[in-house]
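Colleague: Please take a close look at the salt bridges in this model, and keep to that one part.

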Amino acid sequence: MATIAFDPKKLAVDSIAGEAALDAARMTPEALRQRLSSPPDWQPEITQDFLSARAEPVPAAVLIPLVQRPEGLTILLTMRTDHLSSHAGQVSFPGGRSEAYDVSAVATALRETEEEVGLARTHVEVLGQLPDYLTGTGYQVTPVVGLVTPPFELRADPSEVAEIFEVPLAFLMNGLNHQRLSVELPGGRRSFYAMPYERFYIWGATAGMLRNLFHLLRAG
C-alpha cells in the first residue's frame, strides 16, 4: 500500500486561494438540493492528489455529511486511527472501499458511514455526487453529498475512527481558509490544499473534494 512519507503540517504555505466566501443563501438546505439536483456547467479543480502505485484503482465512496444545525450547516468529518495502512491519522470523510454487494456508490457511502461512525442512513437525504477523485493510495473515490437531520446517535468504530467532529460549512466554503502547499516527491513536485480548523488539519484528498464542492456551489 502506498503511503505519503512527509508531514504536511511542517511545510510552508505557498499561497492562499483567496476566493470570496460563499454567500449564505447558497448554503441553505433548499439551495443545496436545487444545486445538486440540477448542477450548472462547472469544472472540478482537482481529480487526483498524488500518483498512485496501483495500475487499477480500487472503487470507493465517501459521504460528505452536511448536518443541519440551528447555527447553520456543518460538515461531519473523522480523524482516522494511527494504525491504519492508508491515510492513518488523517482527517477524512466517512467512507471506504466498495464491496461486490454494494449496488452503487451511494450504497457504499451509506454503508461505510454507518459502519464507521454509526450514522443510520435513515438520517441521510442523498443530494447528489461530485466527480470521482483518485487518491495516491490507489482509490477511485466517489464523493456522495448528503443532508443529515438531527437528532442522531454516533458510535465510532475504534478500529478505524479516533474522533468524530464537525466543521462549519461556511468556514470550509471560504477561499481565504484554503491554503496551497507543495512538496518535492520522487515523481516530481506535487501541490495540494489544506484547510486547518482549530486543532484539525484537513488536507490532501479531503481538502481537494471540498474545493470541488466549493466550485460547484459558487458556479453560475
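**Salt bridges across the chain**

Modeller: At 25% relative accessibility, glutamate 166 counts as partly exposed (buried means under 20% relative accessible area, exposed over 50%, partly exposed in between, with a 1.4 Å probe and protein chains only). Its side chain meets that of arginine 69 in a salt bridge, 2.6 Å from N to O; the term covers a side-chain nitrogen of Lys or Arg within 4 Å of a carboxyl oxygen of Asp or Glu. Arginine 69 is in strand 2 and glutamate 166 in strand 9, 97 residues apart (helices, H or I of at least four residues, and strands, E of at least two, are DSSP runs numbered from the N terminus). Arginine 69, at 28%, is also partly exposed.

The model is predicted: local features need pLDDT of at least 70, side-chain atom pairs count only at pLDDT 80 or more, and totals for chains, interfaces and linings use all residues. Residues are numbered from 1 along each chain as its sequence is written, and side-chain values use heavy atoms, leaving out hydrogens and water.

The whole structure has twelve salt bridges. One of them joins arginine 33 and glutamate 125, at 2.8 Å from N to O. Arginine 33 belongs to helix 1 and glutamate 125 to strand 6 (residues 124–129), so this pair ties together parts 92 residues apart in sequence. Arginine 33 has a relative accessible area of 29%, and glutamate 125 has 33%.

Glutamate 45 and arginine 211 form a salt bridge too, at 2.8 Å from N to O. This pair links the loop between helix 1 and strand 2 with helix 4, 166 residues apart. Arginine 211 is buried at 2% relative accessibility, whereas glutamate 45 is partly exposed at 35%. Finally, salt bridges link Asp102, Arg111, Glu112 and Glu115 in a network.
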